[in-house]
Amino acid sequence: MAKQEDLFKNVVSHAKEYGFIFPSSEIYDGLSAVYDYAQNGVELKKNIRDYWWKSMVQMHENIVGLDAAILMHPTTWKASGHVDAFNDPLIDNKDSKKRYRADVLIEDYAEKLNIKAQKEIEKARVRFGDAFNEQEFISTNPRVVEYLSKKNEILARMAKSLDAGDLDDVKLLIEELEIACPDSGSKNWTEVRQFNLMFGTKLGASADSAMDLYLRPETAQGIFVNFLNVQKTGRMKIPFGIAQTGKAFRNEIVARQFIFRMREFEQMEMQFFVKPGEEMKWYEYWKTTRLNWHKSLGLGAENYRFHDHEKLAHYANAAADIEFNFPFGFKELEGIHSRTDFDLKAHEQFSGKKLQYFDTEENKNYVPYVVETSVGLDRMFLAVFSKALQEETLEDGSTRTVLRLPSVLAPTKAAILPLVKKDGLPEIAKEIMEDLKWDFNVAYDEKDAVGRRYRRQDALGTPFCITVDHQTIEDKTVTIRHRDSMQQERVAIADLKNIIENEVSVRNWLMKM
Ligand code: ATP
């Protein structure tokens, strides 16, 4: 555990030291759970967003984009259910005065049981070798059966109590499981209360005529209210999708995990409109497609898993998370939800306007069903960044810090380095930079010994360092050094563009899906 905490601390400090992420308004001691993306962070974030956008919009003829406003008519949030039901159950520890989400305390407890079961399974796998039958072991080993059935029982009871609004039972469950405050070890808890996560604001100048608004807590509703506009003007035929990236705001109760849980964050969402009755087929399709998208980045298939929801949100008839192995364990990275016709029907009812699709094949109108994929851009950033950050011991015993970012996402694709600051080498290096910058984000660096410059670029995640030396003057070749292998090769300046393109092109990465 200590090691995991250290890793997480490294992630936070590396993100700051190398100009990826700063606390918001830091000169005033920051604002809790709000962060700013710095010169390198903004590039990495943009590249993740582009990678998502290309795979979802550009590569799907039947998916189009949208950029709806953050401020929406307040009735939107009554219709969507957010005014009444966008709550988290909170609980305070009376001794430590720390506040927690009651459901997260219980889920963490259940996850510990799951980890115990997984450990037993791994031990048995080693013991039995090739003869190991995992399914049989899971269903017959008494310890594993006990851990897993207890886990399921706990989650099912929590889901039932939350659904029924029985917060007393949620507290009782915490007491029965003897869950202690992770900070102080105390079991002295307050009652569980519901807390609405939406940020309120006002529209209008004078206090009495001002209209109460909310900052949107999800981008999805901007898509629903525009559904018919887009369908008609884009002549879209079902099934089709509308994709959007943008800011969302939630007044989170507990926000202690850097950019994992923020109060202002960015979502990348796609709502896929389908024929009623076909939603399960599309739900499965998008689960698979989205998992493959994550895997295409090469961070290791073992770092992802599905978590099917026991407790469904008020709008869903099926829901699963893609969880990622963050430095603090497996947690939600993306949600895939079958939202039924809940949202469109609710907007029809509250607005009095029809939001129906005319199906020419069936010759009838209906309200489509919706399958949603929703991934947090900042969480994606954290997933990629934390897995990429590695300390390596080299053959000569020295160490290096390297950010093994998928090169398609790296903020800077190549750094051009003159070996020395004289003999005309900087001029050639700058010429190369001027040429490459039409196609890639590149940097020029002439300060310090070349070895130190390599290390600096390793820590920034730059896939290539291109070094200009005296031989360059004679034969127009340079050395190109690969970040991960540290291998260097001599290549013609004229070939640089192709070499870089081959490694960083979205096409080559998405083809791995
Ligand atoms: P959680 O259970 O972690 O609170 P959620 O289930 O409420 O998340 P959704 O409403 O499904 O999240 O939102 C979709 C995605 O938006 C999430 O998978 C996550 O990646 C991202 N997200 C949600 N809340 C936050 C937040 N406070 N900070 C950063 N990203 C977030």
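## Aromatic pairs

Two rings of Phe, Tyr or Trp, the last taken by its six-membered ring, count as a pair if their centres lie within 6.5 Å, and a pair whose planes are over 60 degrees apart counts as edge-to-face. In this predicted model, a search of the whole structure on that basis finds 25 aromatic pairs. The pair formed by Phe-260 and Phe-326 is edge-to-face, because the ring centres are 5.1 Å apart and the planes stand at 80°. Phe-260 belongs to the loop between strand S9 (240-249) and strand S10 (264-274), whereas Phe-326 belongs to strand S12 (residues 318-326), so the pair ties together parts that are 66 residues apart in sequence.

Phe-260 and Phe-326 are both buried. The two residues are also members of one aromatic cluster, which is formed by Phe-8, Tyr-35, Phe-258, Phe-260, Tyr-304, Phe-324, Phe-326 and Phe-328.

## Charges over rings

Two arginines are placed over aromatic rings. Arg-290 lies over the face of Trp-293, at 4.3 Å from the centre of the ring, and the charged end of Arg-481 sits over the ring of Tyr-454, at 4.5 Å from the centre of that ring.

## Salt bridges

Side chains of opposite charge can pair when their charged atoms come close. The structure holds 44 salt bridges, and among them is the one in which the side chains of Glu-218 and Arg-339 meet, at 3.3 Å from N to O. Since Glu-218 lies in the loop between strand S8 (211-214) and helix H9 (220-225) while Arg-339 lies in strand S13 (residues 329-340), this pair ties together parts that are 121 residues apart in sequence. Glu-218 counts as buried at 5% relative accessibility, and Arg-339 is buried as well, with a relative accessible area of 1%.

Another salt bridge joins the side chains of Lys-171 and Glu-175, at 3.5 Å from N to O. These residues are four residues apart in helix H8 (residues 167-176), so they are separated by about one helical turn. Lys-171 is buried, with a relative accessible area of 11%, whereas Glu-175 is partly exposed, with a relative accessible area of 39%.

Lys-364 forms a salt bridge with Glu-362, in which the closest N and O atoms are 3.5 Å apart. Lys-364 is partly exposed, with a relative accessible area of 43%, and Glu-362 also counts as partly exposed, at 36% relative accessibility. Elsewhere, salt bridges that share partners join Glu-392, Arg-400, Arg-404, Asp-458, Arg-481, Arg-483 and Asp-484 into one network; Arg-481 is the residue whose charged end sits over the ring of Tyr-454.

Ala-38 is found in the loop between strand S2 (35-37) and helix H2 (39-58). Because its relative accessibility is 7%, and buried means under 20%, Ala-38 counts as buried. When its neighbours within four places in sequence are left aside, Ala-38 is in contact with Gly-19, Phe-20, Ile-21 and Phe-22. For one of these residues, Ile-21, the separation from Ala-38 is 17 residues in sequence and 5.4 Å in space, taken from C-alpha to C-alpha.

## An annotated region

UniProt, in an unreviewed entry, places the feature "domain: Aminoacyl-transfer RNA synthetases class-II family profile" at residues 198-418. Over residues 198-418 the chain of the model is 24% helix and 38% strand, and the end C-alpha atoms are 53 Å apart.

Technical notes:
Residues numbered from 1 in each chain as written. Predicted model: local features only at pLDDT ≥ 70, side-chain atom pairs only at ≥ 80, totals over all residues. Heavy atoms only, no water. Phe/Tyr/Trp six-rings, centres within 6.5 Å; stacked < 30°, edge-to-face > 60°. Helix = DSSP H or I, 4+ residues; strand = E, 2+ residues; numbered from the N terminus. Buried < 20%, exposed > 50% of the residue type's maximum accessible area, 1.4 Å probe, protein only. Lys NZ or Arg CZ within 6 Å of the ring centre and 35° of its normal. Contact = heavy atoms within 4.5 Å. UniProt positions renumbered as here; feature names shortened; annotations may be inferred. Salt bridge = Lys/Arg side-chain N within 4 Å of Asp/Glu carboxyl O.
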